[in-house]
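Subject: Handover of a structure and notes on it

Dear colleague,

Please find below the structure that I am handing over to you. I would be grateful if you read the notes with the structure open beside them.

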Amino acid sequence: MNHLLRNALLMNTTTPVDISIVDGVLTAIDPAGKGTAPADATITDLEGRLVTPPLVEPHIHLDAVLTVGQPRANESGSLFEGIAVWGERVKSLTVDDVIERSREVMMWQIACGVQHVRSHADVCDPELRALNGLIAVREELKGIIDLQIVAFPQQGIYGFENGTGLMRQAMVEGADVVGGIPHFELTREDGVNSVQFVFDLAQEFDSMIDIHCDETDDDHARFVEVMAAETIKRGMTGKVTASHTTAMGSYNAAYAGRLITNIKRAGLNMITNPLDNSVLQGRFDIGPIRRGHTRVKELLKAGVNVAIGHDSVMDPWYPLGYGDPLQAAFMLAHYGHMSGATELPYLLEMISTNPAKALGVDSAGVRVGGPASLVVFDAPSAEDALRRISPRYLVMRDGEVLSRTAPAQTTLTINGTSRDVNFLRP
Ligand SMILES: [Zn+2]
């Protein structure tokens, strides 16, 4: 199918353009009104709507989605009660159960404009049911929404029976990325050893690394420094990601400064998960309650690649969400003090181009000669997309329309007079 998209507003520009698409490839970008329709093209007037590259979800737990309340509610809402509830829910897990829930949320992600996903799969299970369910969905949806699966030891590598064997088995059976959880291991030494085990396994399978690292308010959790050191010593720059790293928010400034220097030197990718961590951290504080998130602004200032993850969708840790990265970006605008004039549009980079870099997926952007994979927001600017968490008007991959959302219409009637309201500044 060929297309002409008229009056599209590209990121970081102010003048609309026309986009031509032939056989799945973006063939021309012309000033608005100057684009010529390719043969048999469908012509769509975007009326100045924002067009971005596909969104990329770098951190989600698809094996746990849609399990909130099962088999019991997380009454306190805390991380540790969440892990306990999940430990009970896991007993009734089946491969089909994982397939059905993860497939449903991936449909929601497609409608939100997401085309690449990295999901953790809990491998603390002798039968590896979560992994096998996600592998089935990965194969089913390949080319529509691409999935990377992380072998994730939710209960620890050394604190769980046959933890190292299950990690290796997960890689043999088809996990793409090696995960870890050093701050949850039984001792600090086990934590350090677990990071080294993860790096060894990744080198053995020539895979990338994505570790849940220092997801605690304990300022003595210091495993990111071990990750940076191993990355530097083994020459694995670009292949390693540290997720959560919330303890960084509690480190003293001298230590944090030295650490950020080494993170930059190692070329670590950093993923912050503002939705989950805004509700899970600070639970042991009485007041003032710490925000409990990583040092996003300092990392960005140092030139580190930082991306935003959604983390959970309706599971024992986070009962809300529908898989939209824009909700997580909206949260970070507040929780990370990223409301500055240039910071607001940059939040969209943190859910598209930055996570693409972390995952090692092609991020061609919206450019001539690239694939016609793009997202149209029902908004006239990045700021308005964030402000109203705008629906995705149109989602396209390789020239095929995957999703359309009709804009909501609100009509106000006051004293018998009606008018439409769209919450946009006139
Ligand atoms: Zn996580």
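The notes below begin with the whole chain and then turn to its parts.

This is a predicted model, in which local features need pLDDT of at least 70 and side-chain atom pairs count only at pLDDT 80 or more, while totals for chains, interfaces and linings use all residues. Residues are numbered from 1 along each chain as its sequence is written.

The whole chain

The chain contains 13 helices and 17 strands; these are DSSP runs numbered from the N terminus, with helices being H or I of at least four residues and strands being E of at least two. Its radius of gyration is 22 Å, close to the 22 Å given by the globule rule for 426 residues, so the chain is as compact as a globular protein of that length. That radius is taken over C-alpha atoms, and the rule is 2.2 Å times the number of residues to the power 0.38. Along the principal axes, the C-alpha atoms fill a box of roughly 65 × 50 × 45 Å. Of the 426 residues, 50% count as buried. A residue is buried if 20 or more other C-beta atoms lie within 10 Å of its own, exposed if 12 or fewer, and partly exposed in between, with C-beta atoms placed from the backbone.

The two domains

The domain assignment gives domain 1 (3-53 + 364-410) and domain 2 (55-359); such bounds come from an automatic or database assignment. The centres of the two domains, taken over C-alpha atoms, are 31 Å apart. Domain 1 brings 16 residues to the contact and domain 2 brings 18, where two residues are in contact if their C-beta atoms, placed from the backbone, lie within 7 Å. On the side of domain 1 that touches domain 2, helix H13 (382-387), strand E14 (392-397) and strand E15 (400-404) each supply at least two residues. The largest share, four residues, comes from H13.

In what order do the strands of the open sheet of eight strands stand? The order is E5-E6-E7-E8-E9-E10-E11-E12, with parallel pairing; two strands pair if DSSP finds at least two bridges between them. Strand E5 (55-60) and strand E12 (305-308) are at the edges with a single partner strand each, so one side of each has no neighbour in the sheet. E6 and E7 run parallel and are joined by seven bridges.

The twelve residues of helix H3 (residues 129-140) should span 16 Å at 1.5 Å a residue, and the 17 Å between its end C-alpha atoms agrees with this. The expected span is 1.5 Å times one less than the number of residues. Among the buried residues of H3 are Leu-131, Leu-134 and Val-137. The buried residues of H3 pack against helix H2 (95-111), strand E6 (114-122), strand E7 (146-152) and helix H4 (163-173).

Backbone details

Most residues other than glycine have a negative phi, and most peptide bonds are trans. The bond from Gln-70 to Pro-71 is cis, with omega near -10 degrees, and Pro-71 lies in the loop between E5 and helix H1 (79-89). Gly-287 and Pro-288 are also joined by a cis peptide bond, with omega about -5 degrees. Asp-23 has a positive phi, near 50 degrees, and is exposed, with 11 other C-beta atoms within 10 Å.

Yours sincerely
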